[in-house]
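Please look through the structure shown below before reading on.

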Amino acid sequence: MAVALIKERYQNKVGEVIIGATAAEGGTRTSVIKVGGDAALPFLHFEGKIENRTVIAMEVTDIPPAWNDIIKSQFGDVLNDPAAWAKRCVEECHADMIYLKLIGASPEGENRSPEECAKVVKDVLAAVGVPLIIVGCEDPEKDNELMAAIAEATAGENLLIGIAEQDNYKSIAAAAMVHKHNVIARSPLDINICKQLNILISEMGLPLNRIVIDPMIGGLGYGIEYAYSIMERARLGALANDKMLSMPMICTVGYEANRAKEANAAEEEFPGWGDLNDRAILWETLTATALLQVGASILLMRNPAAVRLVQQNINDLMENA
Amino acid sequence: MALTGLEIYKQLPKKNCGECGTPTCLAFAMALASGKGALDACPYVTDEARENLDSASAPPIKSIKFGNGSVLGDETVLFRHDKTFYHPTTLLVEISDALSDDDIQAKLDEINGLEFDRVGLHYSIDGVAILETSGDPDRFAKVVAQIAAGTDRSLLLLSENVEALKAALPSVAARKPLIGSATEANYESVVNLAKEHSVPVIIKAEGIEALNTLVESAQKLGYKEFVLDPGTRNPSQTLANLTHLRRLAIKKKYRPFGYPVIAFTSKAEPLAEIAEASVYVSKYASAVVLKASAKAHVLPLMALRQNLYTDPQKPIQVEPILHSVGEVNENSPVYVTTNFSLTYYSVEGEVEASKIPSYILPIDTDGTSVLTAYAAGKYEPEKIADALEKSGVAEKVNHRNLIIPGYVAVISGKLQEVSGWKVIVGPRDSSGIITFTRAM
Amino acid sequence: KDLIASYGFHPLACKVNIQCTEPTLTDNASDWARLSLELKRTLPVDKPLGISLSVLQTLPEILRQAHWDLSITLTDLESGYTVLRVEPANTRPAYGIAIDIGTTTVVVYLVDLTTGKIVDKQGSYNKQAQYGDDVISRIVYAVDAPENLKEIQNAVVGTLNVLIDDILKRQALQPQDIAAAMVAGNTTMSQLFLGIDPRYIRLEPYIPTMNAIPAAQAREIGLRLHPEALVHTFPSVASYVGGDIVSGTLATDLTNSEEIILFIDIGTNGEIVLGNHDWLVSCACSAGPCFEGGGILFGMRAMPGAIERVDIDTESLEVKLKVIGKIPPIGICGSGLVDCIAKLRKAGIIDRAGNFQTEHPSQSPRIRITADNKEFVLAWAHQAGGDKDVVITENDVKNLIRAKGAIYAGIRSLMQAVAIEIDMIDRIVIGGGFGNYLNIHDSVEIGLLPDLPQEKFEFIGNSSVKGARLTLLSQRAWNEALELARKMTYIELSVGTTFMDEFVSALFLPHTDLSLFPSVEGKV
Ligand code: B12
Ligand code: SF4
């Protein structure tokens with residue numbers, strides 16, 4: 001007797017967001033990225049079309065970051081040159097996008113002006129053809145000013161910019177609206193707050209297909225399970241036609257995974273944990289692969305070795321598509 | 001589908017006598033519906049009700065126990081947010097009998113060393129999968145004996161050759177290993193062997209259809225201690241198969257698939273293999289057989305497993321340890337709040353916006369808001385003082401000023417007394433923090 | 001529906017007139033034998049008949065003064081009759097009192113036990129308020145020092161005695177005329193009224209001392225009624241679902257209903273009961289007192305001077321108010337607040353999360369940023385009854401959103417516990433002092449009440465005192481109340497994540513899940 005397999009019928013798909021614009025579309029990118037659009041749970045090809053593969057955006061900062069040596073040593077000198085660094089990510093690591101963090105703008109640090117930052121952005125845009133994700137320095141006031149300037153300077157490029165949060169979403173959403181970019185909407189590990197933010201932003205007039213959800217993940221070993229479940233619920237919600245949850249999701253994998261002690265502590269210090277290098281690579285890799293299983297659409301990563309592994313994992317799972 | 005509390009309630013005696021340990025029949029029914037408690041606790045259920053309820057409450061996936069405390073299956077949900085995943089994926093590392101004795105010993109030593117301590121938790125690898133690739137039953141028996149002598153972890157004996165299993169099993173049967181694999185070609189003898197020694201057995205076929213047929217035939221042998229292996233070894237197909245099996249078992253209570261499932265990795269390169277295994281740990285494998293055995297490779301996978309099998313029914317809480325916002329220094333203010341995420345994040349957001357690098361100490365209130373915690377006696381001065389001391393913040397700042405939420409102004413005197421810190425009552429709502437810091 | 005009639009009129013105390021024969025040398029039975037013989041003949045039911053020593057002590061004199069023509073007041077319970085009072089024949093009825101002890105207010109009804117009529121009523125603030133506004137601070141006070149419990153008990157008994165004295169004076173009655181009392185209150189109020197240590201109500205796992213409470217004599221408690229009048233106290237279900245809710249549920253007739261009823265008592269706590277004749281579940285969602293004006297800068301109860309309706313011009317943001325008593329406004333009451341939130345939202349002064357939009361296109365001076373808050377001016381000082389501008393602040397709005405979110409989340413949590421859908425609810429009964437004035441339309445619009453047709457809603461007012469009166473007048477209703485408390489299943493909202501999830505999704509106007517509010521969704 002044949003087994004009647006269960007194939008869920010969903011009412012809706014995950015919304016599709018397009019990032020980047022080619023010359024024909026008014027930008028300068030050589031490729032555009034589509035994320036979301038899936039009609040099934042992650043990688044369940046038998047159930048519905050997995051429209052777009054998950055992409056990896058590699059993290060680049062405008063000033064050299066305070067990362068661990070395992071990652072820094074893989075990049076060497078280019079860390080001082082965001083454009084060269086971005087180029088390396090795209091050419092050698094095959095990053096689908098570049099995630100540019102303008103930490104140099106921080107008033108507590110170099111306090112770079114929006115103009116200086118815009119220049120870095122321009123340099124990176126010139127160096128690579130892939131679309132960019134650009135965020136500020138996590139100082140809400142500065143970011144409002146900074147991102148408005150960046151949005152303007154990159155008008156037409158259709159980038160993904162951030163970060164809109166519940167108590168500070170207006171100016172960035174407005175900037176994205178005026179200059180035609182997409183927005184990252186971030187909410188702390190709560191599916192309802194995530195929805196609220198999406199409603200608030202969309203009520204300002206930004207279309208839903210210009211929002212990407214950042215559910216604020218926890219890294220492996222440090223609360224990843226909360227993100228795992230929230231993302232799984234969001235994906236189920238999207239498929240069940242909850243419009244305010246149907247945006248693709250972006251995950252700050254590199255940041256969270258590399259904050260963990262396990263990604264930084266030397267073997268001499270913790271002999272029981274084994275070799276640091278592989279451990280650090282896997283810490284970031286598994287943070288990513290676990291979240292792939294619950295619907296991550298954009299992975300923001302750092303470690304080139306982990307990027308390779310995750311790319312391979314995505315390829316494997318996209319087989320039989 | 002499982003019965004709801006109300007549906008179960010309809011079958012209960014409705015005496016509300018409380019003898020089952022819950023105050024009312026409906027409360028008891030709800031406990032049963034959520035898989036807590038046993039029908040036997042009620043002395044008054046009728047036989048008819050018992051019959052109806054027993055079949056409805058039979059677990060959708062059989063629990064299979066083997067080896068040294070390994071439990072597979074007995075899961076009740078598809079998504080961990082629905083309830084919880086109960087039995088963490090059993091992780092086994094394989095050793096082939098084709099290796100030299102020395103290599104086997106070396107690998108075994110490495111496996112035995114897979115014990116980890118992190119964040120106050122202890123992880124250890126569950127067992128060893130002994131693979132017959134030598135083609136020689138005697139060799140297999142010898143290696144099994146050698147490994148059994150060298151470890152007390154759970155064992156999996158893996159060969160499709162009945163003779164090899166027959167040679168190896170008797171000497172370790174008392175350890176109750178899992179054996180496999182019963183295939184279409186050999187299932188009668190393998191299942192009967194398992195039955196004879198009362199050990200669980202893997203039923204393996206290529207794909208769902210074939211597996212269905214094979215399980216149905218195997219069940220006819222009068223034995224049901226099964227673990228399923230849907231064959232295919234590529235990640236995408238394995239994910240699909242694991243999902244199909246779990247869904248049919250849970251959503252349809254489809255009996256032939258009401259058994260735990262084992263997955264085997266296909267990648268040879270250890271890092272890629274761990275990445276592959278993470279898929280199966282996430283999605284529905286009750287056991288995974290690995291080749292990798294280096295600490296640095298196994299630890300991340302074990303951390304993932306531990307994370308995913310925690311109880312999701314707890315409110316989201318932040319860790320009740322000292323948090324810092326910005327580049328803190330010895331003058332940074334110290335705020336106390338609770339570990340309820342909603343509370344913590346509203347405070348953190350405002351503190352951040354105040355642009356003054358600060359410490360925030362969330363007290364463990366079981367994830368409740370300030371006033372709910374205070375109401376329930378979970379925000380007492382003694383407890384706060386204790387947490388303050390344990391946090392070590394006293395060594396980090398050169399002042400002794402503590403800012404508490406305005407809603408609990410009543411505790412300030414007592415807190416000052418028991419902690420020795422000067423207690424400053426902050427605003428009631430966190431939105432007042434910015435103005436408050438400016439006025440300070 | 002007349003619940004007294006349907007349960008059967010059978011008060012817990014009664015009064016009968018009898019004429020005994022005078023004793024003679026040959027007919028020489030004792031006074032009590034003579035009295036009880038005649039009583040047995042007169043009383044409708046044959047059950048044990050008792051008398052206390054104190055009544056016996058005065059008996060010989062009264063019998064003779066009255067020339068054996070007597071009015072006898074008896075406690076009438078299933079277990080038997082007890083003579084409470086013997087007096088010369090008269091036509092005055094026996095009285096009982098029904099009491100609702102609320103955390104904030106206390107209400108007393110004087111009930112004629114022969115007709116069942118409410119003869120008089122009076123309410124006042126609970127004098128326990130001097131020890132704190134909410135139950136938690138009272139518990140904290142009560143257990144702080146050994147003498148405090150007695151003190152706090154005296155405070156509520158004192159409050160009741162003042163009310164009773166007032167009524168008695170008005171009705172020209174004596175304490176002895178009151179033969180029975182029925183008390184409904186939340187668990188803390190009941191325990192404090194009876195002088196029972198309340199500390200474990202507050203502490204996890206929140207355990208009350210008892211559910212079924214034995215009747216006490218008025219003199220044991222110090223209530224100025226007939227000293228031997230029995231004072232019955234409604235049983236509680238759990239620490240935060242008390243006798244007031246059992247009483248209120250009884251008054252909704254839920255336990256005889258085929259239909260599924262949702263009963264919401266919007267007091268300081270927000271208790272909810274869902275069920276029908278077959279099953280019922282309850283919870284306490286701790287909404288807080290803001291619907292009674294508590295915790296709101298200009299909040300007040302619904303009395304003269306309270307704003308009860310608000311209209312805001314969406315362009316100019318000019319305001320029109322309806323004030324109770326048609327006098328200049330001094331504050332805003334619960335129904336005004338609910339209306340106000342709906343209107344602030346419509347005018348774009350707040351967003352759906354309750355955040356003030358300080359850059360409103362109108363640039364109206366009514367939207368202001370203060371030192372530590374944002375506010376909207378409802379009435380300028382010169383129009384108001386006080387000397388300050390009457391405002392609603394962002395904190396007020398957030399507080400209200402939390403309160404309404406807690407209530408809605410409580411409703412959803414109960415529905416989930418029994419796996420029923422919103423449209424399976426046939427009737428929604430709203431109780432609580434505030435319940436009388438609530439505007440359903442506004443309440444749905446802000447997401448306080450489920451989006452169901454208006455005709456399904458109904459107000460019951462102070463359900464707690466209603467239930468108390470009902471049980472005073474019907475022995476069967478009282479039995480039902482005891483049974484009801486036993487079978488009501490209490491759902492602890494602090495267990496699991498259901499409530500919290502629902503709560504956070506309800507911290508929005510009207511709700512994060514707009515599909516739950518189809519009638520509102522269309523409009524915004
Ligand atoms: C949701 C809720 C619950 C939930 C619990 C949710 C949770 N995880 O905490 C449940 C239903 C489980 C619950 C239970 C109880 N609750 Co309750 N609950 C509420 C409610 C509605 C909202 C609380 C909330 O989430 N606030 C949001 C958070 C973010 O607020 P917060 O923690 O106070 O933090 C704010 C400020 O304090 C400040 N802040 C925080 N930390 C710091 C630090 C510094 C330094 C500064 C300056 C500021 C600051 O910033 C934050 C944002 O402004 C309130 C009433 C209301 N309308 O607010 C009652 C309330 C807190 N509960 C109350 C009570 C009494 C209880 C119970 C004990 C009894 C009951 N049922 O009513 C029970 C106990 C458990 C049980 N038996 O169920 C009372 C407390 C009264 C008191 N005097 O203490 C309240 C006020 C309601 C009331 N008046 O009756 N409750
Ligand atoms: S023991 Fe049985 S009859 Fe008694 S309350 Fe429990 S379920 Fe009901």
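This is a predicted model: local features need pLDDT of at least 70, side-chain atom pairs count only at pLDDT 80 or more; totals for chains, interfaces and linings use all residues.

Residues are numbered from 1 along each chain as its sequence is written, while chains are lettered from A and ligands numbered from 1 in the order in which they are written.

We begin with chain A. The UniProt annotation "domain: CO dehydrogenase/acetyl-CoA synthase delta subunit TIM barrel", from an unreviewed entry, covers residues 17-263 of chain A. UniProt positions are given in the numbering used here, feature names are shortened, and annotations may be inferred rather than shown by experiment. Over residues 17-263 of chain A, 37% of the chain is helix and 17% is strand, and the end C-alpha atoms are 32 Å apart. Helices (H or I, at least four residues) and strands (E, at least two) are DSSP runs, numbered from the N terminus.

Next come the places where chain A meets its partners. Two residues are in contact if their C-beta atoms, placed from the backbone, lie within 7 Å. By this rule, 44 residues of chain A are in contact with 51 residues of chain B. On the chain A side, the elements that give two or more residues are α7 (224-239), α9 (276-292) and α10 (304-318) of chain A. The largest share of that side, nine residues, comes from α9(A). The side of chain A that touches chain B divides into 22 nonpolar, 10 polar and 12 charged residues. Here Ala, Val, Leu, Ile, Met, Phe, Trp, Tyr, Cys and Pro count as nonpolar, Asp, Glu, Lys and Arg as charged, and the others, Gly among them, as polar. Between chain A and chain C, eight residues of chain A are in contact with seven residues of chain C. The side of chain A that touches chain C has three nonpolar, three polar and two charged residues.

For chain B the assignment gives domain 1 (5-57), domain 2 (63-308) and domain 3 (323-439). The C-alpha centres of domain 1 of chain B and domain 2 of chain B lie 36 Å apart. Chain C has domain 1 (3-88), domain 2 (95-233), domain 3 (256-288 + 421-521) and domain 4 (290-399). In chain C, the C-alpha centres of domain 1 and domain 2 lie 29 Å apart. Their contact takes 13 residues from domain 1 of chain C and 11 residues from domain 2 of chain C.

Now to the ligands. A residue is near a molecule if its C-beta atom, placed from the backbone, lies within 6 Å of it. Ligand 1 lies between chains B and C. It is surrounded by 51 residues, and the closest are Ser369(B), Leu371(B), Gly426(B), Ser430(B) and Ser286(C). Helix α13(B) gives the most to this shell, with five residues. By class, the shell around ligand 1 has 29 nonpolar, 18 polar and four charged residues. Around ligand 2 there are 13 residues, of which Lys15(B), Cys17(B), Cys20(B), Cys25(B) and Cys42(B) come nearest. The shell around ligand 2 divides into eight nonpolar, three polar and two charged residues.

The UniProt annotation "binding site", also from an unreviewed entry, covers Thr337(B), Thr343(B), Gly367(B), Thr368(B), Ser369(B), Val370(B) and Ser430(B). Are Gly367(B) and Val370(B) buried or exposed? A residue is buried if 20 or more other C-beta atoms lie within 10 Å of its own, exposed if 12 or fewer, and partly exposed in between, with C-beta atoms placed from the backbone. Gly367(B) counts as buried because it has 24 C-beta neighbours inside 10 Å. Val370(B) is buried because 23 other C-beta atoms lie within 10 Å. Gly367(B) lies in the loop between β15 (358-363) and α13 of chain B, whereas Val370(B) has its place in helix α13 of chain B. Leaving aside neighbours within four places in sequence, Val370(B) is in contact with residues including Thr337(B), Thr343(B) and Tyr379(B).

Last is the nonpolar core, a set of buried Ala, Val, Leu, Ile, Met, Phe, Trp, Tyr and Cys residues joined through C-beta atoms within 7 Å. The largest such core has 419 residues, and those with the most contacts inside it are Ile98(A), Leu291(A) and Ile130(B). Helix α11(C) gives the most to this core, with 12 residues.

Terms used
Domain bounds come from an automatic or database domain assignment.
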